[in-house]
Amino acid sequence: MLVTAKPPLTAAWWNDLRTALVHLSTVHTDRTAVRQAYLDRAMPKYLAFLGGPVPTTPPSWSTAHGDLHWANLVGPELGILDWEGWGTAPAGYDAALLHAYSLGMPERAERVRQELSPLLDSEDGRFAELVVITELLQSAERGDNVELVPALRLRAKEVWHRTAADGVKVLLREYD
C-alpha cells in the first residue's frame, strides 16, 4: 500500500521493527514468499531498462513477512499484520518492500532507508531492492501503484549504479 501521510513513529517503534525483522529472518521454514523461478523469469524482463544482464540469484535467502507495507504496520506500539504470505525470500526483502512502498513520500522513504540501513545497505539489501522493484513494476502493469513507477525506475538505476560501483571497488581491492 502506498503511504500518503506521515505516521508519527518513535525511535522505539523503529528499533522494535528492526529487531522483529532480524529475529524473523532467522526463523526456519519450508514456506516460500518469493520463488527463484519467478526471479529468473521476471527480473530480466522488468529491469531490462538498466542496460545490462541482471543477476537473478540472491546472495542469500532468509525468512520474511513477505508483504511488509504501511497498511500492515501499526503503532504506537509496533504490530505487524497480515501474515499469510510469509516464507523464504531474498535477505533484506521486507526492508526493501517497505522502502519501495515509501517512495511516493521522499521524506518517509529516506527515514526508512536511515532506520533500516543495516538491512538495505549491503549486497543482500541491494539485490532485495531490485527484486521488490521488479514485483512492483509488474503489478503496475495491472494498474496497481502506477504512481510509483517513475520513482521505482529511478531507484532501480540508483541501486544498479551503486552495485556496479561496489563491484569495481572489490576488483580494485583484489589487485592491491
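Trp86 sits in the loop that runs between strand 3 (79–80) and strand 4 (87–90). The model described here is predicted. With a relative accessibility of 23%, Trp86 counts as partly exposed, because buried residues must fall under 20%. Leaving aside residues up to four places away in sequence, Trp86 touches Val27, Thr29, Arg31, Ala33, Thr63, Ala64 and His65. One of these, Thr63, is 23 residues from Trp86 along the chain, and the C-alpha atoms of the two are separated by 7.3 Å.

**The chain as a whole**

The chain holds seven helices and four strands. Read from the N terminus, the order of elements is α-α-β-β-β-β-α-α-α-α-α. The chain has 176 residues, and 44% of them count as buried. Among contacts between residues at least 6 apart in sequence, 77% join residues at least 24 apart.

**Helix 3 against helix 6**

Two packed helices are described by the angle between their axes and the distance between the axes. For helix 3 (residues 93–102) and helix 6 (residues 123–141), the angle is about 50° and the axes are 8 Å apart. That angle makes helix 3 oblique to helix 6. The crossing of helix 3 past helix 6 is right-handed.

Which residues make the contact between helix 3 and helix 6? On helix 3 they are Tyr93, Ala96, Leu97, His99, Ala100 and Tyr101, and on helix 6 they are Ala128, Glu129, Val131, Val132, Glu135 and Leu136. Sorted by class, this contact has nine nonpolar residues, one polar residue and two charged residues.

**Salt bridges**

How many salt bridges does a search of the whole structure find? The search finds seven.

| Glu115 | Arg18 | 2.7 Å |

Are the two partners buried or partly exposed? Glu115 has a relative accessible area of 12% and is therefore buried. Arg18, at 22% relative accessibility, counts as partly exposed.

Glu129 counts as buried because its relative accessibility is 2%. Arg113 is also buried, with a relative accessible area of 13%.

Asp121 lies in the loop between helix 5 (117–120) and helix 6, while Arg162 lies in helix 7 (residues 149–174), so the pair ties together parts that are 41 residues apart in sequence. Asp121 counts as partly exposed at 36% relative accessibility, and Arg162 is partly exposed with a relative accessible area of 38%.

Salt bridges with shared partners join Arg113, Asp121, Glu129, Arg155, Glu158 and Arg162 into one network.

Terms used:
Residues numbered from 1 in each chain as written. Predicted model: local features only at pLDDT ≥ 70, side-chain atom pairs only at ≥ 80, totals over all residues. Heavy atoms only, no water. Axes fitted to C-alpha atoms, helices over the stretch in contact; angles between N-to-C directions. Helix = DSSP H or I, 4+ residues; strand = E, 2+ residues; numbered from the N terminus. Parallel < 35°, antiparallel > 145°, perpendicular 65-115°, else oblique. Left-handed = near helix turned anticlockwise from the far one by under 90°. Contact = heavy atoms within 4.5 Å. Nonpolar A, V, L, I, M, F, W, Y, C, P; charged D, E, K, R; others polar. Salt bridge = Lys/Arg side-chain N within 4 Å of Asp/Glu carboxyl O. Buried < 20%, exposed > 50% of the residue type's maximum accessible area, 1.4 Å probe, protein only.
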